[in-house]
Amino acid sequence: MNILSQEKFEKEYRVDREQIPQISLNFVDNLKFKKKIKWYVEESNEGKTYEAKTCYLKYLYSLEFSEKGEILDVEKKVKFKELPNDVQNNISDKLSEKFKKFKFKKIQIQYKGTEQYLIDFIKNKSDNNDLKTSYEIIVKAKETDTYKLYEILLNEQGDILKMLEFRAINSINLEF
């Protein structure tokens, strides 16, 4: 299977709190974030999800929920240099094997686990040892002659699990 032949389509748009499943609202309300929560719907070739986005402890967090409202994962936006050194090295090595050149556009640490483990982690009542950690990165990369955007999912060690050519579809913002 050639993982590069797949393409990811994504459309994200803001929605009002009233359009969000109650179970998702309860989860987020339980966290008692001090900053404003912005709600989004994301439609992609993987289906429809809801996302709550906020700033917490100087990081941007995204909490993703299923269409039914169950928590799927929590993502924390970080800088490359904040990743463990061995993960940085492994990611750089793997991307250098795939691409002539690349530049990081966005890096998120993705946490998955039970609802209670995710709540405890976000509230800083526990470390992330009970959670499955992976990395979701967006890179602008050149394989041959042209730069393209890729969304890459990597495991905790920095090994590539999934790589999709990324094409954002956003009806609100026009790109020139």
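**Exercise 1. Describe the salt bridge that E12 forms with K53, and state where its two residues lie.**

*Solution.* Step 1: E12 and K53 form a salt bridge whose closest N and O atoms are 3.0 Å apart. Step 2: the two residues are placed in the chain. E12 belongs to strand β1 (residues 7-15) and K53 to strand β3 (residues 47-56), so the pair, 41 residues apart, links distant parts of the chain. Step 3: the accessibility is classified. E12 has 23% relative accessibility and therefore counts as partly exposed, because that class lies between the limits of 20% and 50%. K53, at 23% relative accessibility, also counts as partly exposed. The structure is a predicted model, and every value in these exercises is computed from it.

**Exercise 2. How many salt bridges does a search of the whole structure find, and how do K94 and D159 meet?**

*Solution.* Step 1: the search of the whole structure finds five salt bridges. Side chains of opposite charge can pair when their charged atoms come close. Step 2: the side chains of K94 and D159 meet in a salt bridge, with 3.7 Å from N to O. Step 3: K94 is part of helix α2 (residues 85-98), while D159 is in the loop between β8 (147-154) and β9 (160-168), so the pair ties together parts that are 65 residues apart in sequence. Step 4: K94 is partly exposed, with a relative accessible area of 26%, and D159 counts as partly exposed at 27% relative accessibility.

**Exercise 3. Which strands are linked by the salt bridge of K148 and E165?**

*Solution.* Step 1: the side chains of K148 and E165 meet in a salt bridge of 3.8 Å, N to O. Step 2: K148 lies in strand β8 and E165 in strand β9; the residues are 17 apart, and the pair links distant parts of the chain. Step 3: K148 has 35% relative accessibility and counts as partly exposed.

**Exercise 4. Classify the aromatic pairs F80 with F104 and F99 with Y150 as stacked or tilted.**

*Solution.* Step 1: a search of the whole structure finds eight aromatic pairs. Step 2: F80 and F104 have centres 4.4 Å apart and planes at 20°. The pair is stacked, because planes under 30 degrees apart fall into that class. F80 is in the loop between β5 (71-78) and α2, and F104 is in strand β6 (residues 101-112), 24 residues apart. F104 is partly exposed, with a relative accessible area of 23%. Step 3: F99 and Y150 form a tilted pair, 5.0 Å centre to centre with 45° between the planes. F99 lies in the loop between α2 and β6, and Y150 in strand β8, so this pair ties together parts that are 51 residues apart in sequence. Both F99 and Y150 are buried.

**Exercise 5. At roughly what angle do the axes of α1 and α3 cross, and which residues make the contact?**

*Solution.* Step 1: the axes of helix α1 (residues 22-31) and helix α3 (residues 115-122) come within 10 Å and cross at roughly 30°. Step 2: the crossing in which α1 passes α3 is right-handed. Step 3: α1 contributes F27, N30 and L31 to the contact, and α3 contributes E115, L118, I119 and I122. By class, these are five nonpolar residues, one polar and one charged. Step 4: F27 also forms one aromatic cluster with W39 and F65.

Technical notes. Residues numbered from 1 in each chain as written. Predicted model: local features only at pLDDT ≥ 70, side-chain atom pairs only at ≥ 80, totals over all residues. Heavy atoms only, no water. Axes fitted to C-alpha atoms, helices over the stretch in contact; angles between N-to-C directions. Helix = DSSP H or I, 4+ residues; strand = E, 2+ residues; numbered from the N terminus. Left-handed = near helix turned anticlockwise from the far one by under 90°. Contact = heavy atoms within 4.5 Å. Nonpolar A, V, L, I, M, F, W, Y, C, P; charged D, E, K, R; others polar. Salt bridge = Lys/Arg side-chain N within 4 Å of Asp/Glu carboxyl O. Buried < 20%, exposed > 50% of the residue type's maximum accessible area, 1.4 Å probe, protein only. Phe/Tyr/Trp six-rings, centres within 6.5 Å; stacked < 30°, edge-to-face > 60°.
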